[in-house]
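Please consult the sequence and the three-dimensional view while reading.

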Amino acid sequence: MARLIDGKAFAARLRTRIADETAEFVTDTGRRPGLAVVLVGDYAASQVYVRAKQKACEEAGMSGSVHRLAPDTTQAELLAVIARLNADAATDGILVQLPLPDAIDADAVIQAIDPAKDVDGFTTASAGRLLIGLPGLVACTPLGCLMLLKEVAGDLAGKTAVVIGRSDIVGKPMALLLLRESCTVTVAHSRTQDLPAVVRSADIVVAAVGRPEMVKGSWLKPGAIVIDVGINRVPAAAGKTRLVGDVDFDEAEQVAGAITPVPGGVGPMTIACLLHNTLKAARSRAGLNPTT
Ligand SMILES: NC(=O)C1=CN([C@@H]2O[C@H](COP(=O)(O)OP(=O)(O)OC[C@H]3O[C@@H](n4cnc5c(N)ncnc54)[C@H](OP(=O)(O)O)[C@@H]3O)[C@@H](O)[C@H]2O)C=CC1
Ligand SMILES: Nc1nc(=O)c2c([nH]1)NC[C@@H]1CN(c3ccc(C(=O)N[C@@H](CCC(=O)O)C(=O)O)cc3)C=[N+]21
Ligand SMILES: [Mg+2]
């Protein structure tokens with residue numbers, strides 16, 4: 001049976017460390033690190049995530065503000081909010097919760113964020129720095145996945161890694177981080193042929209697809225480390241819903257060497273890494289040396 005990778009527990013330890021470092025920052029600078037979350041519309045899942053992010057900020061000793069905008073907010077109004085937050089000295093991190101309403105050009109909004117405050121790591125500046133190996137703010141979800149992988153496997157050099165999914169926010173930055181660790185990286189996507197065979201070559205599998213329980217136990221190399229990014233809400237008994245990943249957990253845990261659960265795996269790491277990035281941005285803006 002696979003070892004269970006307890007992302008929730010790892011994230012809790014990380015958040016405790018960040019809280020200690022945040023207290024030091026407050027002593028050094030006389031102010032709290034500040035995260036501004038911008039939420040447009042009333043998408044139910046986003047409400048839950050945004051509240052979780054704000055609560056995590058406050059528990060770490062940071063200030064977390066949520067800027068709630070109506071569903072019919074215009075592009076110009078949203079850009080004006082971003083401009084105000086870019087100019088606000090007390091705001092270290094800006095996160096625009098995705099998805100945005102269809103009428104808004106999400107890319108234009110994200111690119112308007114000051115790269116110094118880009119705690120999601122989504123701007124071209126942040127993505128470009130990751131690509132060429134310069135220090136910078138790295139997307140929270142792939143960063144959290146990498147932390148879990150290093151915790152379980154130590155040095156990743158020479159391992160074969162398959163990332164399933166090539167989105168700009170998960171798959172691509174994940175592949176770049178694994179390449180930086182000297183893994184031999186394959187990126188699979190919807191046009192990949194014989195995905196089971198590709199996955200079977202991997203010592204490390206990161207699934208970021210958005211298809212419930214797609215990756216089967218029979219696809220895995222015995223002993224593989226499996227990181228399940230997927231968050232899929234599916235119907236359960238009695239008219240309820242439950243959360244499942246992109247990996248068929250019951251099958252995979254019979255074959256894998258280690259595996260993250262859903263919930264309790266990657267999701268809590270994403271939030272902890274958001275705090276990590278907010279502190280990192282705050283330290284950098286205050287002229288302090290980067291911590292870990
Ligand atoms: N835990 C967390 O903190 C987070 C979880 N998520 C979850 O991770 C999952 C992925 O998110 P995201 O990257 O934003 O999703 P996207 O929809 O942006 O990307 C999905 C990727 O999967 C590929 N894909 C789709 N179908 C298949 C298939 N049948 N075989 C192989 N590849 C396929 C797509 O290929 P193509 O490019 O060819 O279309 C695409 O590259 C979702 O479940 C999301 O909810 C996302 C962010 C944070
Ligand atoms: N600008 C932006 N940045 C994001 O990072 C971002 C975003 N937009 N839009 C939505 C996705 C999704 N995402 C998650 C974060 C935490 C959990 C999480 O904590 N999940 C819990 C369970 C939560 C539940 O029960 O619903 C877990 O997996 O244990 C999940 C998903 C961040 N995203
Ligand atoms: Mg989904």
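## Overall division

The chain is divided into domain 1, residues 30–115, and domain 2, residues 140–267; these bounds come from an automatic or database domain assignment. The centres of domain 1 and domain 2, taken over C-alpha atoms, are separated by 28 Å.

The model is predicted: local features need pLDDT of at least 70 and side-chain atom pairs count only at pLDDT 80 or more, while totals for chains, interfaces and linings use all residues. Residues are numbered from 1 along each chain as its sequence is written, and chains are lettered from A and ligands numbered from 1 in the order in which they are written.

## Record annotations

UniProt, in an unreviewed entry, places the feature "domain: Tetrahydrofolate dehydrogenase/cyclohydrolase catalytic" at residues 5–120. Positions from UniProt are given in the numbering used here, feature names are shortened, and annotations may be inferred rather than shown by experiment. The span 5–120 is 50% helix and 16% strand, and its end C-alpha atoms lie 24 Å apart. Helices (H or I, at least four residues) and strands (E, at least two) are DSSP runs, numbered from the N terminus.

A further feature from UniProt, also in an unreviewed entry, is "domain: Tetrahydrofolate dehydrogenase/cyclohydrolase NAD(P)-binding", at residues 139–284. Over residues 139–284 the chain is 36% helix and 19% strand, with end C-alpha atoms 17 Å apart.

An open sheet of 3 strands runs in the order 3-2-4 with parallel pairing, where two strands pair if DSSP finds at least two bridges between them. Strand 3 (63–69) and strand 4 stand at the edges with a single partner strand each, so one side of each is left without a neighbour in the sheet. The twist averages 20° from one strand to the next.

Strand 2 (residues 34–40) pairs with strand 3 in the parallel sense over 7 bridges, and V38 stands opposite H67 in strand 3. Helix 2 lies across strand 2 and strand 3, running at about 155° to strand 3. Axes are lines fitted to C-alpha atoms, for helices over the stretch in contact, and angles run from 0 to 180 degrees between N-to-C directions; two residues are in contact if their C-beta atoms, placed from the backbone, lie within 7 Å.

Another open sheet is formed by 6 strands in the order 1-11-8-7-5-6, and its pairing is parallel. Strand 1 (3–4) and strand 6 (184–188) stand at its edges; each has a single partner strand, so one side of each is left without a neighbour in the sheet. Helix 6 (residues 140–153) packs on the sheet, touching strand 7, strand 8 and strand 11 (258–259), and its direction makes about 155° with that of strand 8. Strand 7 (residues 204–207) and strand 8 (residues 225–228) run parallel and are joined by 4 bridges; V206 has I227 of strand 8 as its bridge partner.

Strand 9 (residues 232–235) and strand 10 (residues 241–244) run antiparallel, joined by 4 bridges. Strand 9 and strand 10 form a hairpin with 5 residues between them, and A238 in the turn has a positive phi of about 60°. V234 stands opposite R242 in strand 10.

## Surroundings of the ligands

Around ligand 1 there are 25 residues, of which G165, S167, S190, G210 and T270 come nearest. A residue is near a molecule if its C-beta atom, placed from the backbone, lies within 6 Å of it. Helix 10 (residues 266–285) gives the most to this shell, with 3 residues. By class, the shell around ligand 1 has 10 nonpolar, 12 polar and 3 charged residues. Ala, Val, Leu, Ile, Met, Phe, Trp, Tyr, Cys and Pro count as nonpolar, Asp, Glu, Lys and Arg as charged, and the others, Gly among them, as polar.

Ligand 2 has 17 residues around it, and L98, P263, G264, G267 and T270 come nearest. Both domain 1 and domain 2 give residues to the shell around ligand 2, so it lies between them. Helix 10 supplies the largest share of that shell, 4 residues. The shell around ligand 2 divides into 12 nonpolar, 4 polar and 1 charged.

## Backbone features in loops

A cis peptide bond, with omega about 0°, joins L98 and P99; P99 is found in the loop between strand 4 and helix 4 (106–111). The peptide bond from V262 to P263 is also cis, with omega near -5°, and P263 is found in the loop between strand 11 and helix 10.
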